[in-house]
Amino acid sequence: MGALRDEHHNGWLMPSGNYPAAVYDDEWVEQETVSSSPAPTKIVSLRPTGFEAARTVGEHIRASIPVVMDLTEMEEPEAKRMVDFASGLIFGTRGGIERIARRVFLLTPAEVEVMVIDRPLDETGFYNQS
C-alpha cells in the first residue's frame, strides 16, 4: 500500500488498512464511450481510364469506403497525376495508401487498418510464389 500525504501535519501517513476504502460516484464510468466503427462492409475496385475518375475515388474515401485503384489502363502522365491526387487525398483524410502491385494501389480511410504480411520480392510488383 502506498503512503498518504497528511496535509494538516505536513508529513506522510501509512494507512492502517482497518477502514473501508472511500467510494465515489464517477459519472464517467456509467457513460458509454464512443464505439469503435465497424469494419467496412465493402471495398470498391476502380480501373479508371482517365483523370475524371478522381472524383469517384475521393467520394468513396470520404465515405469511409476503401478503394482498390488499378491504373494499368491509364497513360503514364495521367496515372502519375492520379497517384498525386490519391496521395493528397489520403494525406488530407489521414488515411493510408498501399501499393498492391505495379500501378495498383489500395487506398484506405483513417479508420481502416491494413496489415501487410508480405511485400513483393521483385521490382515488377508480383509476389514470388515459387
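Predicted model: local features only at pLDDT ≥ 70, side-chain atom pairs only at ≥ 80, totals over all residues.
1. Leaving out residues up to four places away in sequence, Arg103 touches Met69, Asp70, Leu71, Thr72, Met74, Glu75, Glu76 and Ala79. Arg103 sits in the loop between β5 and β6. Is Arg103 buried or exposed? Its relative accessible area is 17%, and buried means under 20%, so Arg103 counts as buried. A polar atom of its side chain lies 3.1 Å from the backbone oxygen of Met74.

2. Asp70, one of the residues that Arg103 touches, is worth a look of its own. Asp70 belongs to strand β4 and is buried, with a relative accessible area of 10%. Which side chains does the side chain of Asp70 meet in polar contacts? There is a polar contact of 2.9 Å with the side chain of Arg47, and another of 2.7 Å with the side chain of Thr72. Setting aside neighbours within four places in sequence, Asp70 is in contact with Leu46, Arg47, Pro48, Arg103 and Val104.

3. Not counting residues up to four places away in sequence, Leu107 touches Val57, Ile61, Pro66, Val67, Met69, Ala86, Ile90, Gly96 and Ile97.

4. Helix α3 has 18 residues and reaches 26 Å from its first C-alpha to its last, close to the 26 Å expected at 1.5 Å a residue. Its buried residues are Ala79, Met82, Ala86, Leu89 and Ile90. Why do these residues lie on the same side of α3? They cover an arc of only 95° around the axis, which puts them on one side of the helix. An α-helix has 3.6 residues a turn, so residues three or four places apart point the same way. The face turned away from the buried side carries the exposed residues Pro77, Lys80, Asp84, Phe91 and Gly92. What covers the buried residues of α3 includes α2, β4, β5 (96-101) and β6. After α3 comes Arg94, which has a positive phi near 60°.

5. Ala54, Val57, Gly58 and Ile61 are its buried residues. Seen down the axis of α2, they fall within an arc of 95°, so they line one face of the helix. These buried residues pack against β3, β4, α3 and β6. Just after α2, Ser64 takes a positive phi of about 65°.

6. To finish, look at Thr108 in strand β6 (residues 104-108). Thr108 is buried, with a relative accessible area of 4%. How far apart in space are Thr108 and Pro66, C-alpha to C-alpha? The distance is 4.5 Å, although the two are 42 residues apart in sequence. Leaving aside neighbours within four places in sequence, the contacts of Thr108 are with Ile61, Pro66, Ile90, Gly95, Gly96 and Val114.

Note on methods. Residues numbered from 1 in each chain as written. Heavy atoms only, no water. Helix = DSSP H or I, 4+ residues; strand = E, 2+ residues; numbered from the N terminus. Buried < 20%, exposed > 50% of the residue type's maximum accessible area, 1.4 Å probe, protein only. Contact = heavy atoms within 4.5 Å. Expected span 1.5 Å × (residues − 1). Arc of directions from axis to C-beta. Polar contact = N/O pair within 3.5 Å; in protein donor to acceptor, adjacent residues only side chain to side chain.
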